[in-house]
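Thank you for making time this morning.

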Amino acid sequence: MHLFESLIEPAAALTVIPAAAATRSHRYGGLPGLPDGTDWPSYGGSPMALLARLDCADLADLLPETWTLPRTGELLFFHEESFTTGESPDSGCRVLHVPAGLPPRPAPPGVQVVPPLHLAADRVASVPPYDAPALHDVFTTDPVGAMNARELAEDAAGRPPRHQVLGWQRDAFLHLPGLRPLLQLEAEPGTAWGEVVNVSFWLPEADLAAGRFTTARRYLETA
């Protein structure tokens with residue numbers, strides 16, 4: 001087995017499905033259920049928009065060997081909407097863990113609510129990027145063999161999903177040292193991201209391993 005194959009990791013692909021087919025609480029957009037006493041998340045004094053809601057129990061069952069986050073309830077992914085793109089991840093996001101089944105809270109004035117879409121999660125494989133630390137020596141000693149091995153690994157894993165939980169980053173050339181992706185989302189109908197084609201949420205490797213998500217960072221990929 002080549003090192004690339006050994007570094008393939010499980011991930012969850014999120015696919016848009018009809019509401020009638022939904023059996024879990026995964027959502028793209030929509031309104032959040034927030035506990036009483038919990039303020040709507042804000043950034044720079046302005047309320048943020050909800051991008052996604054994930055069903056923790058479903059993901060814990062799908063990814064038992066890599067899911068380190070809460071095993072019950074829901075994770076809510078908020079971000080600020082100014083879309084000031086840059087070379088580095090920013091702090092314009094927040095991830096909250098809330099109980100499942102809370103009634104939706106109306107959005108504050110000025111918040112653009114993303115039209116809600118139901119999602120289904122399925123287990124997939126994800127391939128490490130070219131700059132994964134474990135691959136440094138491989139590319140140094142045998143770059144052609146490493147490239148060929150990665151192509152074989154990509155063929156085995158299949159095309160990356162449009163929306164992905166955990167695993168490796170979908171962009172093989174994106175270099176964010178010390179961070180690992182928690183959630184990667186592409187634009188769906190009803191979103192207004194301009195030149196931004198992907199919004200992703202990242203955690204420091206140590207925090208992801210420990211199940212801490214209070215240090216989440218956001219990265220905006222432009223076309």
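Before any residue is named, one definition: a residue is called buried under 20% relative accessible area, exposed over 50%, and partly exposed in between. Please keep in mind as well that this is a predicted model.

With those cut-offs, Arg123 counts as partly exposed, because its relative accessibility is 42%. The side chain of Arg123 meets that of Glu65 in a salt bridge, at 2.6 Å from N to O. This pair links distant parts of the chain, with Glu65 in the loop between helix H2 and strand E6, and Arg123 in strand E8, 58 residues apart.

In total, the count comes to 10 salt bridges, and I will go through some others. Asp55 forms one with Arg24, where the closest N and O atoms are 3.1 Å apart. Asp55 lies in strand E5 and Arg24 in the loop between strands E1 and E2, so the pair ties together parts that are 31 residues apart in sequence. Asp55 is buried, at 8% relative accessibility, whereas Arg24, at 32%, is partly exposed.

Then there are Asp90 and Arg218, whose side chains meet in a salt bridge of 2.9 Å, N to O. Asp90 sits in the loop between E6 and strand E7, while Arg218 belongs to strand E12, 128 residues apart; both residues are buried.

Salt bridges also link Arg162, Arg170, Glu186 and Glu188 in a network.

Finally, a word on the backbone: Leu166, in the loop between strands E9 and E10, has a positive phi, near 60°, although it is not a glycine. Leu166 is buried, with a relative accessible area of 5%.

Key. Residues are numbered from 1 along each chain as its sequence is written. This is a predicted model: local features need pLDDT of at least 70, side-chain atom pairs count only at pLDDT 80 or more; totals for chains, interfaces and linings use all residues. Side-chain values use heavy atoms; hydrogens and water are left out. Helices (H or I, at least four residues) and strands (E, at least two) are DSSP runs, numbered from the N terminus. Buried means under 20% relative accessible area, exposed over 50%, partly exposed in between (1.4 Å probe, protein chains only). A salt bridge is a side-chain nitrogen of Lys or Arg within 4 Å of a carboxyl oxygen of Asp or Glu.
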